[in-house]
Amino acid sequence: MASLFHPPIKPLLYHHHSTSSSSSLPSITPSPKSSSNTNSYLPRARNLFCSAEFRKRKSCIKRGCICRSALDEASVKYSSEAEQSKAELVSSLKLKLLSAVSGLNRGLAATEDDRQKADAAAKDLESVAGPVDLLVDIDKLQGRWKLIYSSAFSSRTLGGSRPGPPTGRLLPITLGQVFQRIDVFSKDFDNIVDLELGAPWPLPPVELTATLAHKFEIIGTCNIKITFEKTTVKTAGNLSQLPSLEVPRIPDFLRPPSNRGTGEFEVTYLDSDTRITRGDREELRVFVIS
């Protein structure tokens with residue numbers, strides 16, 4: 001009955017090759033086409049992954065550059081605004097100082113209250129502007145400077161804190177303009193003073209200009225030391241045709257200890273048109289470019 005429903009089972013025959021002693025199982029060799037597809041897919045996957053990673057890193061770098069650029073721009077803007085604000089404050093304080101010393105006849109008409117106000121205004125300007133470095137800004141010293149205020153002139157002597165002829169009625173001397181002429185190349189430092197000497201009536205007063213010639217050197221970063229060389233007097237006005245006269249120098253052994261022909265002062269403020277100095281005897285002087 002079984003043969004009616006099932007086909008007869010044929011025995012499996014295995015053929016052994018006499019030339020080979022290896023396994024009789026057939027070997028399976030992958031298709032060349034399948035291997036090629038697999039190998040070509042892997043590089044494409046790696047390329048896609050690397051490309052995505054590169055884009056991600058590039059995006060991060062770009063965002064970082066934008067952030068750094070924004071920070072740099074903000075820093076520059078803040079620095080520029082701070083410098084502008086400081087410049088405006090310095091300009092305001094300088095105007096305040098010039099206003100405080102105006103009308104004081106270079107300090108000859110200053111009271112103690114005037115001196116304190118001028119000193120306070122100068123200190124405010126010095127504090128905001130910061131220290132002076134003459135090694136960098138020495139070119140700003142060059143030129144002819146006009147003295148507009150000296151705290152020492154309130155002592156009523158032309159020598160200021162040093163010995164000098166008195167002003168007023170004791171001697172008929174009228175102080176005119178006072179200048180400092182500085183040459184940074186030759187190191188010349190000249191104090192130039194216009195004077196008017198009274199004469200008996202009916203003679204007119206004698207106008208003359210005294211030039212006190214010095215050499216200067218920079219000490220440190222903001223101090224200047226001057227060494228006296230000679231004094232030259234030149235008449236002006238109706239007597240301007242007369243030749244200049246060099247005043248004989250007093251021998252050093254006859255000089256008082258307080259006047260040895262040298263002096264030192266500090267430049268506490270300096271720009272293109274205004275200069276403040278403080279002397280070794282705490283004398284405050286304010287100059288403007290002439």
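Predicted model: local features only at pLDDT ≥ 70, side-chain atom pairs only at ≥ 80, totals over all residues.
1. The largest nonpolar core has 25 residues. Those that touch the most other members are Leu134, Leu141, Leu175, Ile182, Ile224, Val267 and Leu270. At least two residues of this core come from each of the strands E1 (143-150), E2 (173-183), E3 (188-197), E4 (206-219), E5 (223-235) and E7 (262-270). Strand E2 gives the most, with 4 residues.

2. With neighbours within four places in sequence left aside, Ile224 is in contact with Leu134, Leu141, Phe216, Glu217, Gly263, Glu264, Phe265 and Val267.

3. Helix H3 covers residues 112-129. At 1.5 Å a residue, its 18 residues should span 26 Å, and the C-alpha atoms at its ends are 26 Å apart, so the two values agree.

4. Which residues of H3 are buried? They are Ala118, Ala121, Ala122, Leu125 and Glu126. Because these residues cover an arc of only 135° around the axis, they lie on the same side of H3. An α-helix has 3.6 residues a turn, so residues three or four places apart point the same way. The face of H3 turned away from the buried side carries Lys117 and Ser127, which are exposed.

5. After H3 comes Gly130, with a positive phi near 90°.

6. Most residues other than glycine have a negative phi. Asn105 is partly exposed, and its relative accessible area is 39%.

7. Lys187 lies in the loop between E2 and E3. Is Lys187 buried or partly exposed? With a relative accessible area of 32%, Lys187 is partly exposed.

8. The last point concerns a peptide bond. Most peptide bonds are trans. Trp201 and Pro202, however, are joined by a cis peptide bond, with omega about 10°. Pro202 is in the loop between E3 and E4.

Terms used
Residues numbered from 1 in each chain as written. Heavy atoms only, no water. Core = buried A, V, L, I, M, F, W, Y, C linked by side-chain atoms within 4.5 Å. Buried < 20%, exposed > 50% of the residue type's maximum accessible area, 1.4 Å probe, protein only. Contact = heavy atoms within 4.5 Å. Expected span 1.5 Å × (residues − 1). Arc of directions from axis to C-beta.
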